[in-house]
Amino acid sequence: MAMLRSTIALHRLLLAGQDESPEADAIRDASDGPWESLSEVERNRVRNHSEDLYSLTERPPDALLMDSKAQAKLNEAFEAKQRGEWDKALELLRLWRAYIAPSLVSYLRGSIWLDAGEPETASLFFEHAFSIQPENQKYLAMFLHALNIAAPGAASKHAEEILTEHLKYDPVVISRAVHIKLKATQRMPESESRQLADILKPILISTVSRFSDQGLSELDVSSYVMAVTLLGCVYESVGDLQSAMEMYSRGLQLFPNNDALLTARGILLYGTSPVAITDLEMALRNGSRLIWPLFFLAHHRLINRQYEDCRKLCERAISVGGSAAVVSEVLEWLAVAQAELGLPSEMVRATFDSAIRSDPSNERAKRNLSAFNIASESFNVREWETRSPGAVRMSSLAERRFAMAA
Amino acid sequence: MPRVFRVMKKDVDGLPIVSATGLGVRSGIDVDLDPEGYVLVNCKGMSVAPNWRDINVERLPKRLRAIVPGARGSNNTSCFRSGSGAFGRGVFAKGLILEPDSATHGNVAPVLSVPFDSYTADLAATRPDWEKDEA
């Protein structure tokens, strides 16, 4: 929402002692239009957002001793957050904040704004939580996470600073910082990406080892899985597939149902072992929200002529979404499955057209469409051009690598 | 005359300062001009609200936070009130008309298409009618 950006900009100017400057006036002038277009509910949200931002620079209210009523209200705030009732959750925190540690109030506000899709606001509250309770490095990890969504460049800079002194930080922070740096390699040439992977490998090895020294009860599961997955990805990217496999399996020994690890190992083994299919299917059953299990399983079903299953998996993959190239290939497989299932020619052509529109450089989809047209006219058996499992696994490596560890 | 509120900088005499963002308008933003420099009569004009609590929270002076949470405007500005009638379309002052565009916002627009300077002079002429009101 434009008004939230504007309020944050004014907040930043206030921090810089510039909130009476011409720049601040210009922001206020520009905010009149957006303000007028808001409903009363939205206006209240903006007012409360602005008021909550003041808490980042002001002394918190005098602390009150937690009692059963305040605890009940805090629980109510958690439940409201779970239900996606962000305004209500924030309102309860506002009303009862004197009973809650200020760092926790900021952390909870950050979590709510993050869930509500406002990572910039979330990053401000997480940063504040960490500033008042620096011994809780989970707050720092959450700050990096939110900042990476809101401003990847700034997050990368922070991550770099942290990684230069990585032993000073908790493994949860290091995992997040490495993830930020490696995710940025998706936009880098392969050689640079590999170079960075080489630099980060020893840091990740040390981080995984530090995690392993922790007891299972104190282990932050998502951060551990992130570190293990990232290290596996790093091994893959430098061609050490055996170490990658060992890393994923090591993670799965501790958390056998973890969908990220199952997906990573499934992809690594795809085309070489039936375990790949078991892993990918299990990842799906365990609630993976990634496109990759669907993508690889759809390909597997296609080349094994299980067209109805392939069709269903393709449709699910498309609804999850991915890069233009990946979606184009899935659409292409869907068109092939539709053709083989005897669905109307118009539908098949429309699906091929969608595949080509999604990625105009998908020449194979164009050739398969031509093959379909020729076969339809001559009543011949269609010959489809599809990639081998190995080729599918190697393609879009940069896209899926490191993103899975999020 | 309709009762309206606007946030403006206060002059030494306690009345609003006449300026493009004070008691006045910005040409091309608050109002549109024809090629001859006449203000178009298209309901645009100087922005006002029926209550100062309805005004953009980023304009309301910070000192009013206790009444309106999140107020983030400059403390060098004040909420001014003019008129006492209902917030509806009608004559605001000589040459000026109030054109509400919602229940919480309206524009003080020219009645007729007049040169820009003439319109701003009409607005400036209302200066004595404005009074600080943050109650």
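I count a residue as buried if 20 or more other C-beta atoms lie within 10 Å of its own, as exposed if 12 or fewer do, and as partly exposed in between, with C-beta atoms placed from the backbone. The model is predicted: local features need pLDDT of at least 70, side-chain atom pairs count only at pLDDT 80 or more, and totals for chains, interfaces and linings use all residues. Residues are numbered from 1 along each chain as its sequence is written, while chains are lettered from A and ligands numbered from 1 in the order in which they are written.

Chain A, helix 12. I took helices (H or I, at least four residues) and strands (E, at least two) as DSSP runs, numbered from the N terminus. Helix 12 of chain A covers residues 221–237. I found 15 of its 17 residues buried, so helix 12 of chain A is largely enclosed by the rest of the structure. From first C-alpha to last it reaches 24 Å, close to the expected 24 Å (1.5 Å times one less than the number of residues). Gly239(A) follows helix 12, with a positive phi near 85°.

Chain B. I read the order of elements from the N terminus as β-β-β-β-β-β-α-β, that is, 1 helix and 7 strands. The radius of gyration, over C-alpha atoms, is 14 Å, close to the 14 Å of the globule rule (2.2 Å times the number of residues to the power 0.38) for 135 residues, so chain B is as compact as a globular protein of that length. Of these 135 residues, 39% are buried.

Contact between chains. I looked for residues in contact (C-beta atoms, placed from the backbone, within 7 Å). Chain B gives 14 residues and chain A gives 16.

Key: Two residues are in contact if their C-beta atoms, placed from the backbone, lie within 7 Å.
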